[in-house]
Amino acid sequence: GAAVLCAETDLLAAGPLATAALARYPDFVDAEWILARSCLLRHDPAAASTHLTAFLRRCPRHSGAVMLLGTCLLQLQQFAQAEAIWQQGLQDCWFEPRQAAEILRQLGEEARRKGLLDCAIANFETALTLLPEEPTLANALGITLIQARRFDQAIPLLEGAAAREIGRAHV
């Protein structure tokens, strides 16, 4: 109980309380959630991902935990695992369109960095179906299409992004 109360105001202090609570009450699933967020505050994505994975075993449709686990996995350079978690989460969890588009944008950016251009394009295209007027998504897709040498598709996207006054449009 003290871990939950403390987590409301001081997640770093709640970490040790959650550890003690989990040792005494192994079924106290909220302790994993508290520990994961405490680890993130300490910039420890590996430990956070361990706690998030344990938490998601008990609460598999917790969209916040899915978002955080995918982010941790990307920080740990585990793109395939992040993609699998997020794609499953997009099917199983409820996300606001902006949240789902952000997941897809992050997957697209990471895929592009890794040279997986078809994967990046697919993620950006899906994100744009959720937020069709979002110029930063159109810009990201346009840049990726240029890298894939698909200029005939890139030019109209980038012109549209520029028309919507995005400062970074690559026209």
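Leaving aside its neighbours within four places in sequence, which residues is Gly142 in contact with? The answer is Ala154, Leu157 and Leu158. The structure is a predicted model, and this briefing considers two pairs of packed helices, the helix H5, and three buried residues in other parts of the chain.

**Helices H3 and H4**

- Two packed helices are described by the angle between their axes and the distance between the axes.
- Helix H3 covers residues 29-41 and helix H4 covers residues 45-58; their axes cross at roughly 155° and come within 8 Å.
- Angles over 145 degrees count as roughly antiparallel, and H3 and H4 are therefore roughly antiparallel to each other.
- The crossing in which H3 passes H4 is left-handed.
- On the H3 side, the residues that meet H4 are Val29, Glu32, Trp33, Leu35, Ala36, Cys39 and Leu40. On the H4 side, their partners are Ala47, Ala48, His51, Leu52, Ala54, Phe55 and Arg58.
- Sorted by class, this contact of H3 with H4 comprises 11 nonpolar residues, one polar residue and two charged residues.

**Helices H5 and H7**

- Helix H5 (residues 63-75) packs with helix H7 (residues 97-113) at an angle of about 15°, and their axes are 12 Å apart.
- Angles under 35 degrees count as roughly parallel, and H5 and H7 are therefore roughly parallel to each other.
- H5 also passes H7 in a left-handed crossing.
- H5 contributes Met67, Thr71 and Leu74 to the contact, while H7 contributes Gln99, Ile103, Gln106 and Glu110.
- The residues of the contact of H5 with H7 comprise three nonpolar, three polar and one charged.

**Helix H5 in detail**

- H5 has 13 residues, which at 1.5 Å a residue should span 18 Å; the C-alpha atoms at its ends are 19 Å apart, in agreement with this expectation.
- The buried residues in H5 are Ala65, Val66, Met67, Leu69, Gly70, Cys72, Leu73 and Leu74.
- These buried residues pack against H3, H4, H7 and helix H6 (79-92).
- An α-helix has 3.6 residues a turn, so residues three or four places apart point the same way.
- After H5 comes Gln77, which has a positive phi near 65°.

**Ile103 in helix H7**

- Ile103 is found in helix H7, where its relative accessible area of 1% makes it buried.
- Along the chain, Ile103 and Met67 are 36 residues apart, yet their C-alpha atoms are separated by 7.4 Å.
- Not counting residues up to four places away in sequence, Ile103 touches Met67, Trp86, Leu90 and Phe95.

**Asn123 in helix H8**

- Asn123 lies in helix H8, which runs over residues 117-130.
- The cut-off for a buried residue is under 20% relative accessible area; Asn123, with 4%, is therefore buried.
- Residues up to four places away in sequence aside, Asn123 touches Glu83, Gln87, Leu104, Leu107 and Gly108.

**Gly142 in helix H9**

- The residue of the opening question, Gly142, is found in helix H9 (residues 135-147).
- Gly142 counts as buried because its relative accessibility is 0%.
- Gly142 and Gly160 are 18 residues apart in sequence, and the distance between them in space is 9.9 Å, C-alpha to C-alpha.

Methods:
Residues are numbered from 1 along each chain as its sequence is written. This is a predicted model: local features need pLDDT of at least 70, side-chain atom pairs count only at pLDDT 80 or more; totals for chains, interfaces and linings use all residues. Side-chain values use heavy atoms; hydrogens and water are left out. Axes are lines fitted to C-alpha atoms, for helices over the stretch in contact, and angles run from 0 to 180 degrees between N-to-C directions. Helices (H or I, at least four residues) and strands (E, at least two) are DSSP runs, numbered from the N terminus. Angles under 35 degrees count as roughly parallel, over 145 as roughly antiparallel, 65 to 115 as roughly perpendicular and the rest as oblique. A crossing is left-handed if the near helix is turned anticlockwise from the far one by less than a right angle, and right-handed if clockwise. Contact means heavy atoms within 4.5 Å. Ala, Val, Leu, Ile, Met, Phe, Trp, Tyr, Cys and Pro count as nonpolar, Asp, Glu, Lys and Arg as charged, and the others, Gly among them, as polar. The expected span of a helix is 1.5 Å times one less than its number of residues. Buried means under 20% relative accessible area, exposed over 50%, partly exposed in between (1.4 Å probe, protein chains only).
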